[in-house]
Amino acid sequence: MAGVDEFARALEDTPGGGVVLTSIDAISNWARGHSLWIMPMGTACCAMELIAASFSRFDFDRHGSIPRPDPRHTDVMVVAGTITKKMAPSVKLLWEQMPEPKWCVAMGNCAVSGGIFHHDTYSVIRGVDEFLPVDVYIAGCPPRPESLQDGLLRLREKVRSESISPSRRRTVEGLLPLPGGEKR
Amino acid sequence: MSFVWGLLYGTGAVILIAGGAVVGVWWERKVSARIQLRLGPQQLGPAGSLQMLADVPKLLFKEDVVPASADRLLFRYAPLAVFAPIAMSLAVIPFWAGWAPLDSAAGVLFFLAVPSISVLGILFSAWGSHNTLATLGGVRAAAQMVSYEVPRALAVLSVVVLGGSLQPSELMDAWRWWWIPVTLLGFGVYFIASIAEMNRGPFDLPEAESELVAGYFADYSGIRWAVFMMAEYGAMIASALFGAALFFGGFMWLPGVAGLAVHIGIAALIITAVMWVKWTFPRLRQDQLMTFCWTVLTPLALVQLVLAVVVALWL
Amino acid sequence: MSAECRTVVNVGPSHPSTHGVCRVLVELDGEIVRRAEPIIGYLHRGIEKMAENRSYLQVVPLTDRLDYVGSMYANWAYCRAVERLAGIRVPERAEYIRVIVCELQRIASHMMSIGSTGADTGAFTAFMYAFNQREQVVDLFEALSGSRLTYNYVRPGGVGADLPEGWVERCREFVAQHPAAMMEIDDLLFGNVICRARTKGIGVLTPHDAIGWGASGPVARGSGVDWDLRRDDPYSVYPRLDFTVPLGERGDCYDRGRVRLWECVESCRIVTQALDQLEPGPVQAEGLPRLLAPRPGDAYDHIESARGSLGVYLVSDGSVRPYRMHVRSPAFANLALLPMLAEGHTLSDLVVVLGSLDPVFGEVDR
Amino acid sequence: MTRMTIDELREHLCAAYPDLCPLFSVEFGDGVLLVDSARLREALEDLKELGFDRLGMVTAVDFGDEFELVYRLTSRSMRVGMFVKARVPRSIASVRSTVDLWPSADWQEREIFDLFGIVFEAHPDLRRILLTDDWVGHPLRKDYIDDSIIRRPDYL
């Protein structure tokens, strides 16, 4: 993305370039927002609702969101379900395999905070935000597909505020270390 | 002069395939949705027809990932090696009475031979990705595409026997409506073999989603992956247009632009049938796929060929 | 080919057809699987440990999350163990309701399994059709418990709430249309020549192995092992209901799928009979203390879940919390068969075999 | 093939193996055979001979100084299930594997090894199964300590 960054900087330095930059941003954000392909990182119960979401009844294809099992083809990782210490390195690896720009949705209480598995257990990571930068949190155990729909539409709003220019981009903390150190 | 003509043609073919792929993907999403009791894209444009206008720029703006362990040269240029032969194959398809963009004396042969080169591109991508699943997919694709060449060529040959020419325009001039019943079996073989050629369900083993995740293009992202998809749809469009011309007469039914419309209409029906098959049938296994090719499809194509020869001699 | 030519392929832990988070290390010789080793534990959440720090009633929501495709089963198995331990008598109406919801749950769970056979073989459309049937069951359960997936409905001493108004009629409607819908899915999937070719003769499980490896449910019955706890170790009101236990012959993926299919039809019969016999009454045992504290000892009880015999082993030390809870998970036992069944088949068959064992990893890993 | 009651089972067992008879008791409606850990293997072999062809469940319970191993056996021919229990001292938590009798013990014994640290001798492949290979400790032991555990406030 270095070339894009330089191009964006050059545009900002050019008089009137800001207008062009804003237009490019508008187009790319519109396109990205309306074509959020899902990487279904379903591990537990929420995965069932994630499946239901793209099936006949709820049909996320209506919004242009289709699930693709291959991380390289997707934009949004929907972490649906409990992430255990054994699973976390795989989730992180899949996240790293996704091409930029990418977003992460924590679906369900387990992915948000550990939920019902927050206390007393030795193997669960309490929230996927301990090692991934989460954009949208969806509560529920499991959330209904409608909630996921709402979450994706909110993500679309968030995408709308992004920019290809580094100076206008929101700052995200990159990848966080896995709790308890790196294990792979 | 021929260079300029070639440049013009190339641009035209790319635009045609890109446009066709955009419409095709939308159509496929709608057709699959209808089959699966869903609605499909709905939000952008009437019936979601502008959905691809969002998808394509998104893929364009996506990061272009090259895995660290990949063979960079092969990995980067494999999509082109898949796409270019398919775009080239469009050149010999007759669209107009007495005219094809490249009306070569061996045009039919060209159409059968050139798209097969894309199997090299698939092998490049599979090998270049340095990924076991991708390699498996690539090897599957190679075996499958090389094998299904045979029945496909034999099926087309039966039309050639009837027409007595390998030149697309001459072949089409010789075309008569009663060829349809004579070559119907041939069309069946051509249809099935073409589905296998373009790696679509139920022959989509190279990219089998439930086994190999995405097969040979598993490591491609953004626009490079889009080129693979375009090649797939391009192959579908080329096969459908060519089949519509040879087996159903295409533009021969009506003069001028109306004929072209009929041609495209028949091709669209064929494409829809391809999608219908994909979204209804389960996937074959590799050994079943090969057995089917050699013990069912090839003999059937030979029967068709004999039939066509008999008819041609009898006339 | 010599052993040096083997390729090791890693399937999972996030793979479209592992039905959750299972990793299978596959040694391939060309396309032929020479060794497949399932690696589980990616969803091990320590539910058994958590249960030791919850009161008996608070464990019920945890059991929901065990088998998330069929939450009612784990609820029921746990509640039966608690009831056995604490000597609770469950009212008859509650038993009938439990049977009804569990048979509906069997339909919902089998729909998922049959549908995913379609998805594994590449016929995604059949999955959608099956899932639509599942959605209807889920709707019924939502009316009962307010949740689409984790019901927390079967409680120690009865069920959470009585059937809402009009529920029986809705249930009858569903059960009436289901066999026909089932046949449609059957035509779409097992009626298809490709699907038959993909499942027949694949992953053959002999009855001897099925018994030795502790397989249960449709996996064992697909091999012709005539063992169904509903009939052979009758519990609840099953003795009063008339049903047959479908059996397979060859023990391949096809038979396992067909057994599931026929079980759904049988479940419809059971639900109809149970609805006919349902009489008004209380749905919760009277006089239960808010905090159960059974006398010290241990109890085991099992039910026939969609995956096989699901047992819960509870140890009480006389306090208000279980001293130890262990779940005998049928999916865990069935999944152990994978290396044996997949060997010698191709990689494409591996996913079909895995799908036909119908593992739910919440239950496998616990 | 009728269902055998607990009493019939006791008679059947006593007739076949008189030495096991005094160890048999009934608890919450289930037959329980409480054996010494040294004789566990022998008892299980005898019961397999008797017709208990399925090992439904193996698990362990931590009782402080001792671990109790619980085997749930089922017989298809007699249509009855029963328990075999044996206690092993915590200091030498080791017992003979039953994989050769019932293959279904394979993964279950691995699980017990993983979560309790009880070693099964002659097990073909005794590795951790649910937790990662580099995990420290055996979590289902009552004295397991892990800094990452957050204790739940005692609401009840």
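## Chain D: burial and fold

A residue is called buried if 20 or more other C-beta atoms, placed from the backbone, lie within 10 Å of its own, exposed if 12 or fewer do, and partly exposed in between. By this criterion, 38% of the 156 residues of chain D are buried. The model is predicted: local features need pLDDT of at least 70, side-chain atom pairs count only at pLDDT 80 or more, and totals for chains, interfaces and linings use all residues. Residues are numbered from 1 along each chain as its sequence is written, while chains are lettered from A and ligands numbered from 1 in the order in which they are written.

Chain D contains three helices and seven strands; these are DSSP runs, with helices being H or I of at least four residues and strands E of at least two, numbered from the N terminus. Their order from the N terminus is α-β-β-α-β-β-β-β-α-β. Along the principal axes, the C-alpha atoms of chain D fill a box of roughly 55 × 40 × 30 Å.

## Helix crossing in chain B

In chain B, the axes of helix α1 (residues 2-35) and helix α12 (residues 256-280) come within 10 Å and cross at roughly 50°. Axes are lines fitted to C-alpha atoms, for helices over the stretch in contact, and angles run from 0 to 180 degrees between N-to-C directions. The angle makes α1(B) oblique to α12(B), a class left after angles under 35 degrees (roughly parallel), over 145 (roughly antiparallel) and 65 to 115 (roughly perpendicular).

Residues are in contact if their C-beta atoms, placed from the backbone, lie within 7 Å. Here α1(B) contributes B:G24, B:E28, B:V31, B:S32 and B:I35, and α12(B) contributes B:I271, B:T272, B:M275, B:W276, B:W279 and B:T280.

## Sheet in chain C

Three strands of chain C form an open sheet in the order β6-β7-β8, with antiparallel pairing. Strands pair if DSSP finds at least two bridges between them. The edge strands, each pairing on one side only, are β6 and β8 of chain C. On average, neighbouring strands of this sheet are turned by 15° against each other, direction ignored.

Nine bridges join β6(C) and β7(C) in the antiparallel sense, and C:Y300 has C:Y313 in β7(C) as its bridge partner. Helix α3(C) lies across β6 and β7 of chain C and runs at about 150° to β6(C).

## Contact between chains C and D

This contact takes 33 residues from chain C and 27 residues from chain D. On the side of chain C that touches chain D, β7(C) gives the largest share, four residues.

Terms used. Two residues are in contact if their C-beta atoms, placed from the backbone, lie within 7 Å.
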